[in-house]
Amino acid sequence: MQRQHDRGASKNRNHFIEHKNRSRISSDRSVGRHEVWSWKAASKESLCLMWQKVKVQLMLSMSFLTAVFWYCRRLYSFLAQLLKRWSNYLQRQLIRNLSVLPEVDLLGYSAREWKGETKQAKQMREAYEELFRSCHIKYLRQVRRDNYSVIRAVLFQIFSQGIPFPSWMKERDILKLPEKLLYSQGCNWIQQYSFGPERYTGPNAFGKLRKCMEALKTNWAEISATRDHEERGSMCNTLFSDESKEYKLYEAIKFIMLYEVVEAYEQIKSRGKPVHNLFNLLFDRDSSSDPLSFMMNHLNSIGDSICLDQVELSLLGYLFEVKIRVYRLHRFNTEEFQVKYPAEYRREWNEIALLTEDDHYYHIPLFRT
């Protein structure tokens, strides 16, 4: 009996111990699951907090980038408008300062300039129509109406066509011509040389002439070496919109004419090699029977009160080795409607064309086939 009681007690203890162990295992499992849940919850919460911060930063960055983009776009638009206005202003200034204007329609120019039904207006319109129809001249470039007009028109075409130095200029340094004339040939009277409207310079003439020669040589060499036609045209437009640079070129040309007249005069006196017939025509004039009278009565006034006459235009063509074809509209329906200067020229010379209504002011005709 006692033995059965002990067995029951032992069995109960075993059940209690087993139940206790199961409770402990269940509790341990519950604690583990709770710890895993707590870690996941903490991680999720941390990620949410981090995302909230990143989201705020992203929104701020996007807002900043949007503002920067809008500002840059407005700034670009403003700068583009400013650049466009500045470009238009410079273009207007350039055109206003240009001494050789952009090309215009020939017949349109004729209709604007020669309105009315007077005899002269009708004749001029007919002359322009003849140029358009028979000579294939469709456009013209107007040249500033001053007493440098013909020199400007000739030099502009030499530069714009890229015509190189004449042969004699390649062999001689034109920078030394003032010094040679003054010291080697004893022509101290060149101190009376006048630079267009600047009537008297005295001892300063030599220095000013050298600067003019330097300007002509430098610009001619630079422009003639430029092969691209558009680039050369742009260089010409820039040069012929600066009066101070322009006038130096024209005065250099005037001095070269004087130098060649002195050379021809010395050859005639020494009975050296024959000179071109145009020099005989020049010295046959009472007003230019020698180089000094030629300078005082003709060259000094060019650019100031007079323009080149026909003999001097021939001299200009001869010196630069170009054939100058002139359309003289006031001589329409006569043999003098088209004239070439000089009358004697070499076949290999380049040709340039001028258009005049009065033998005083000249324009540049443009051919189109």
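**Exercise 1. Sort the residues that line the largest cavity into nonpolar, polar and charged.**

Solution. The sorting rule comes first: Ala, Val, Leu, Ile, Met, Phe, Trp, Tyr, Cys and Pro count as nonpolar, Asp, Glu, Lys and Arg as charged, and the others, Gly among them, as polar. The lining consists of Arg 145, Leu 355, Thr 356, Glu 357, Asp 358, Tyr 361 and His 363, and these residues divide into 2 nonpolar, 2 polar and 3 charged.

The model is a predicted one, in which local features need pLDDT of at least 70 and side-chain atom pairs count only at pLDDT 80 or more, while totals for chains, interfaces and linings use all residues. Residues are numbered from 1 along each chain as its sequence is written, and side-chain values use heavy atoms, with hydrogens and water left out.

**Exercise 2. State how many cavities of 30 Å³ or more there are, and give the volume of the largest cavity.**

Solution. A cavity is a set of points, on a 1 Å grid over the protein atoms alone, where a 1.4 Å probe fits but cannot get out, and its lining residues have an atom within 4 Å of a point. Grid points are joined across faces, edges and corners, and the volume is the space filled by probe spheres set on the points. By this rule the count is 1 cavity of 30 Å³ or more, and the volume of the largest cavity is about 40 Å³.

**Exercise 3. Classify the aromatic pair of Phe 165 and Trp 220, and explain why the pair links separate parts of the sequence.**

Solution. Rings of Phe, Tyr and Trp (its six-membered ring) pair if their centres lie within 6.5 Å; planes under 30 degrees apart count as stacked, over 60 as edge-to-face and the rest as tilted. The whole structure holds 16 aromatic pairs. Phe 165 and Trp 220 make a tilted pair, with 5.0 Å centre to centre and 45° between the planes. Because Phe 165 lies in the loop between helix 4 and helix 5 (167-171) and Trp 220 in helix 7 (residues 205-224), the pair ties together parts that are 55 residues apart in sequence. Phe 165 is buried at 18% relative accessible area, and Trp 220 is buried at 0%. One aromatic cluster is formed by Phe 156, Phe 159, Phe 165, Trp 220, Phe 240 and Phe 320.

**Exercise 4. Locate Asn 333 and Asp 359, and report the phi of Asn 333 and of Asp 359.**

Solution. Asn 333 lies in the loop between strand 3 (322-328) and strand 4, has a positive phi near 70° without being a glycine, and counts as exposed at 64% relative accessibility. Asp 359 is found in the loop between strand 5 and strand 6 (362-367); its phi is positive, about 65°, although it is not a glycine, and at 23% relative accessibility Asp 359 counts as partly exposed.

Definitions and conventions
1 Å grid on protein atoms, 1.4 Å probe; cavity = no way out; pocket = protein on both sides within 12 Å on 5 of 7 lines; lining within 4 Å. Helix = DSSP H or I, 4+ residues; strand = E, 2+ residues; numbered from the N terminus. Buried < 20%, exposed > 50% of the residue type's maximum accessible area, 1.4 Å probe, protein only.
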